[in-house]
Amino acid sequence: MNSNIIYLDNSATTKPHPEVLQTFLQVNEQYYANPASIHEAGVEANALLMRAREQIAGIVGTEAKHVIFTAGGTESNNFAIFGTAQANTHKGKHILTTKIEHPSVLEAVKRLAQEGFEVEYLAVNEVGIISLDKLREKVRPDTILVSIMHVNNEMGAIQPIAEAAAIIHAQSRALFHVDAVQSFGKIPVRFHDEHGPDLITISGHKIHALKGSGALLLRKKLTVAPFLVGGGQEFGLRSGTVAVPQAVALAKAARMAIEAMPEKQLQFEKWSNDLHAFLRKFGRDIHLLSSEAGAAHIVSFSVNGLKGEVLINALQQHGIIVSTSSACSSKQTTTSHVVEALNVIPSFKKGVLRVSFGAHTTDAHIEQFKKVFTVIMRDLKGENKE
């Protein structure tokens, strides 16, 4: 990628930190032995793996033995849903999730519904938040799993996780899974003794680590069916030789994200407030999907009467990279399920753009986006009026 490009698509993926890449290369070069081997080289590799496990466990408030390394967010979400559902049918077959989850959750529960599980979906309001009263109504004694994302990947809504956990744990024996792919490393994500999730999904490439790395984190020992069977690695839950370099790089990126979080939160909030105020100046031409109350690293909006692809191409011609609603759905011709759930009026449905910040975003990037976007809106909207 051209070094002069302004990259504002960090919710799709992030550029790995140089320190993380260096860690990855060093572990590959010096600690490449199988961590399950009993010889000295294997023991050294396993020691590094356990240190990475302990570091991530310390960040979220659990024990190292409850950190299961995976290949990323999709696998972790699938693991959480299939693993808990299949292991807890003796308690019931009722599952709750929301209408705006990531496809790796929605497609997983859809498959479970085809297998005889009862799946219900919580609606969201115009800013993407679930109703706790509706959650209270729908949680039943036979509910075995509730899966609610912490931060929505398309428009940044932050769900009331602690309040939801209190309701779920008070009214059922259900396990509460939280997809924290978009929040981990940006806003606080931790287990709590009572009012918190039971399982958390994280992904490396959203926090300037490597693609193909992630983890499913457990609050305590849970009844979860193995996701992959074989040699019994990852405490018997995910067999296969563990990718030590990816795990160590993930832990490195996680530590860096947590250390930088206070400063980055302030920066993201400044840029978010700035862009929301800037976009409001366009009046009826712009519909904001995100809000200042959401996750500050995501600004999502739609342009009346224009397609998102047209806007993306126009920005790209000026060296600015953004996305439509999400990288997972941007190549599809149908309207995003999140946009549909928000009841966006038809003339705005196709013109969604998402601007997302990362560790390498600067004030200059935001100012250049504003300058270029103003020119593009003048040109494109002017053409439409002729």
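## Two helices side by side

Helices α1 and α7 are roughly antiparallel to each other, a label for angles over 145 degrees, whereas under 35 degrees counts as roughly parallel, 65 to 115 as roughly perpendicular and the rest as oblique. The axes of α1 (residues 18-30) and α7 come within 8 Å and cross at roughly 155°. Axes here are lines fitted to C-alpha atoms, for helices over the stretch in contact, with angles running from 0 to 180 degrees between N-to-C directions.

Before going on, a word on what you are looking at. This is a predicted model, in which local features need pLDDT of at least 70 and side-chain atom pairs count only at pLDDT 80 or more, while totals for chains, interfaces and linings use all residues. Residues are numbered from 1 along each chain as its sequence is written, and side-chain values use heavy atoms, with hydrogens and water left out. Helices (H or I, at least four residues) and strands (E, at least two) are DSSP runs, numbered from the N terminus.

## A three-stranded sheet

Let's turn to the strands. An open sheet is formed by three strands in the order β9-β10-β12, with antiparallel pairing. Its edge strands are β9 (286-288) and β12, each of which pairs on one side only. From one strand to the next, the twist averages 30°. Two strands are taken to pair if DSSP finds at least two bridges between them. β9 and β10 are joined over three bridges in the antiparallel sense, and L288 stands opposite F301 in β10. Strand β10 (residues 298-303) also pairs with β12, again antiparallel, over five bridges; here S302 stands opposite V352 in β12.

Strand β12 (residues 352-356) is largely enclosed by the rest of the structure, because five of its five residues are buried. Buried means under 20% relative accessible area, exposed over 50%, and partly exposed in between (1.4 Å probe, protein chains only). The cover extends to both faces of β12: V352, R354 and S356 are buried on one side, and L353 and V355 on the other.

## Aromatic pairs

The whole structure holds nine aromatic pairs. Rings of Phe, Tyr and Trp (its six-membered ring) pair if their centres lie within 6.5 Å; planes under 30 degrees apart count as stacked, over 60 as edge-to-face and the rest as tilted. One of the pairs is F79 with F227, stacked at 5.3 Å centre to centre with 25° between the planes. This pair links distant parts of the chain, 148 residues apart: F79 lies in helix α3 (residues 73-87) and F227 in the loop between β8 (214-218) and α7 (244-280). F79 counts as buried at 1% relative accessibility, whereas F227, at 27%, counts as partly exposed.

Another pair, F268 with F357, is tilted, with 6.0 Å centre to centre and 40° between the planes. It too links distant parts of the chain, from F268 in helix α7 to F357 in the loop between β12 and α10 (363-385), 89 residues apart. Both F268 and F357 are buried. Elsewhere, ring pairs link F278, F282, F301, F369 and F373 into a cluster.

A ring can also meet a charge. The charged end of K93 sits over the ring of F117, 4.7 Å from the ring centre; the criterion is NZ of Lys or CZ of Arg within 6 Å of the ring centre and within 35 degrees of the ring normal.

## Backbone and loops

Most residues other than glycine have a negative phi. E234 has a positive phi, near 50°, and N343 has one near 60°. E234 is in the loop between β8 and α7, and its relative accessible area of 5% makes it buried. N343 is in the loop between α9 (337-341) and β12, and at 64% relative accessibility it counts as exposed.

K221 also belongs to the loop between β8 and α7, and its 73% relative accessibility makes it exposed. L112, in helix α4 (residues 103-114), counts as buried at 0% relative accessibility.
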